[in-house]
Amino acid sequence: MKLRPLILCGIAAFASLASLQSAWADRLDDIRKAGVLRVAAFDGNPPFGYIDAASKKQVGHDIDLATEYAKSLGVRLELVPTNPANRIPLLTSGKADVVFASFTITDERAKVVDFTTPYFLVGQQFLAKKGVLADAEQIKDLRIGTEKGTTMEGNLRARYPQARVVLYDDSPFALAALRNGNVQAITNDGVKLTAQWNQLPDKANYEIPPITVSKEYLGAAVPKGETRLLESLNGWLVESERNGRALAIYNTWFGPNSSAPLPRLLKIGDARLASAN
Amino acid sequence: MSLFEAAQAQLLSPIYLGWLLEGWLTTLWAALVVIVVSTLLGVGFAAARTSTRSGARRLAALYLSAFRNTPLLVQLFFWYFGAPSLLPQAAREWLNAGHRFWPSFEVLSALVGLVLYATAFVGEELRAGMRGVPDTQLQAGTALGFTRAQVLRHVTLPQAIRIAASPLLGQYMNIVKNTSLAMAVGLVELSYTARQVEAETFKTFQAFGFATLFYVVTIAALELLSARLSRRQAVLPRA
């Protein structure tokens, strides 16, 4: 009878030691061991991440960055398509290792995930039919569409609480709503809007007025507490700026010959300005 | 931080709970509207399906295959994004602008889509109920001088509804659950607000947990009603 409790104690001690062992092996080791880096990226938000009509593959600026990082680690890249509202749930539930999806860095989000150094700078702007929106004062009287799960809705609610805001699942839906007249303007990162506007068959009827609601810094995100993964990703981002790969990828999607020409506002590793609210 | 404070930090703050409650109320009244309208239309649909006129029967069969065989989400997208492009520009602008005592276009198209979809299913349940009423009832009714429509209203339908009560309530439960799809076209119901709360607070478990709780409570209420009705039916003698 005395032997049994001793054996049970021994098993319990061994089990807790074993679980302690697995607790020390972190995500970076798991990625290297599995040989796969799972990256959550957009599949409907050109040019950051979208499905190319010709090749039917998921391509974009963020996907290029993810591909090169995976190569630097020596593992295979597995893309997990996502929409704005699913980015954090995918990280916290362990279904993705890194989020490369035009993710705005905010203090609120930084409480739940860890952000890298910013790799992109955008402003929140509006796309509307010509003549509808000329002044920031008019915003509160309009019906505005945007995407669920983004900082856009919070910004509008903070600054223009009387504006009627309708949330759609993705930016293509918001654009369809604009063209149908369901909403009078849509708001999003200036970059996404330029890309969307450029692809419209009747783009002469639409404009992006020179109104910016806020500046947004985009970063990649990893699960909270994964410091080695974060350091590895940060180190790679800064290195890619130094050896020109970051600029080359930027020019592929936003350079003067691309479909969404935009002057580059941020070099990776630049000291970040105090986040504009 | 004390244990109590730690636990409290995990709860949703009242403003977000308020959003969820408002979303739940929207789910409830939208489901109620769809239930009532689809039942009324379903009676007409069931009558058309069992009509003596072959034209009515064929139209009803066409309606059934159109609205039962396509996914509800696709139908909702059609009514919100697709159908308006067939309307003239002036009508579209009027529908999209806000008016007092008139639902927004998001609400209108969601309700239209949900009603048309539910009518197909509710109508079929009513038709099955009507089939359960013995044929002799119709013969006796017409022998007494009732028209077919009068027989339907006074004789067949009350019995059909009693027979189909349980499956009908099952369809009503589906209607409640289907309202969640309308979040894709902007109906601010429980699923939409749950997503909003999650995006603001990042308390995924709490936001969706509360939403699940509210849905379960609603469906459970319908289930209780269904159990109560079938118990009464067992006691009352059938006609």
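**Close-up 1. B:Gly55, an exposed spot in helix α3 of chain B.** B:Gly55 has 9 C-beta neighbours inside 10 Å, so it counts as exposed. The cut-offs, with C-beta atoms placed from the backbone, are these: a residue is buried if 20 or more other C-beta atoms lie within 10 Å of its own, exposed if 12 or fewer, and partly exposed in between. B:Gly55 belongs to helix α3 of chain B; helices (H or I, at least four residues) and strands (E, at least two) are DSSP runs, numbered from the N terminus. Go 26 residues along the chain and you have B:Phe81, whose C-alpha atom is 31 Å from that of B:Gly55. Keep in mind that this is a predicted model, where local features need pLDDT of at least 70, side-chain atom pairs count only at pLDDT 80 or more, and totals for chains, interfaces and linings use all residues. Residues are numbered from 1 along each chain as its sequence is written, while chains are lettered from A and ligands numbered from 1 in the order in which they are written.

Close-up 2. B:Ser166 sits in helix α8 (residues 148–178) of chain B. This serine has 14 C-beta neighbours inside 10 Å, so it goes down as partly exposed. B:Ser166 and B:Ser226 are 60 residues apart along the chain, yet their C-alpha atoms are separated by 5.9 Å.

**Close-up 3. Helix α2 against helix α3 in chain B.** The axes of α2(B) and α3(B) (residues 54–68) are 7 Å apart, and the two helices pack at an angle of about 125°. Axes are lines fitted to C-alpha atoms, for helices over the stretch in contact, and angles run from 0 to 180 degrees between N-to-C directions. The pair is therefore oblique, going by a scale on which angles under 35 degrees count as roughly parallel, over 145 as roughly antiparallel, 65 to 115 as roughly perpendicular and the rest as oblique. From α2(B) come B:Phe45, B:Ala48 and B:Arg49, and from α3(B) come B:Ala56, B:Arg57, B:Leu59, B:Ala60 and B:Tyr63. Sorted by class, this contact has six nonpolar, no polar and two charged residues. The classes are simple: Ala, Val, Leu, Ile, Met, Phe, Trp, Tyr, Cys and Pro count as nonpolar, Asp, Glu, Lys and Arg as charged, and the others, Gly among them, as polar.

**Close-up 4. Helix α2 against helix α9 in chain B.** Here α2 (residues 14–49) and α9 (residues 190–201) have axes that come within 7 Å and cross at roughly 165°. That makes the two helices roughly antiparallel. The contact residues in α2(B) include B:Tyr16, B:Trp19 and B:Trp24, and those in α9(B) include B:Leu190, B:Tyr192 and B:Val197. Eight residues of this contact are nonpolar, five polar and one charged.

**Close-up 5. A:Val39 in the largest nonpolar core.** A nonpolar core is a set of buried Ala, Val, Leu, Ile, Met, Phe, Trp, Tyr and Cys residues joined through C-beta atoms within 7 Å. The largest one has 50 residues, and A:Val39 is among those that touch the most other members, along with A:Ala41, A:Ala66, A:Val98, A:Val99, A:Phe100 and A:Leu233. Not counting residues up to four places away in sequence, A:Val39 has contacts including A:Leu77, A:Leu79, A:Val80 and A:Asp97. Another core, apart from this one, holds 39 residues, including B:Trp79 and B:Ala164.

**Close-up 6. Where chain A touches chain B.** Chain A puts in 14 residues and chain B 15. On the chain A side, α4 (87–92) and α7 (171–180) each supply at least two residues. The most comes from α4(A), with three residues. That side has six nonpolar, six polar and two charged residues.

Close-up 7. Chain A has ten helices and 13 strands, whereas chain B comes to ten helices and zero strands. Buried residues make up 43% of the 277 residues in chain A, and 32% of the 239 residues in chain B. Along its principal axes, the C-alpha trace spans about 85 × 45 × 40 Å for chain A and about 80 × 55 × 30 Å for chain B.

How values were computed. Two residues are in contact if their C-beta atoms, placed from the backbone, lie within 7 Å.
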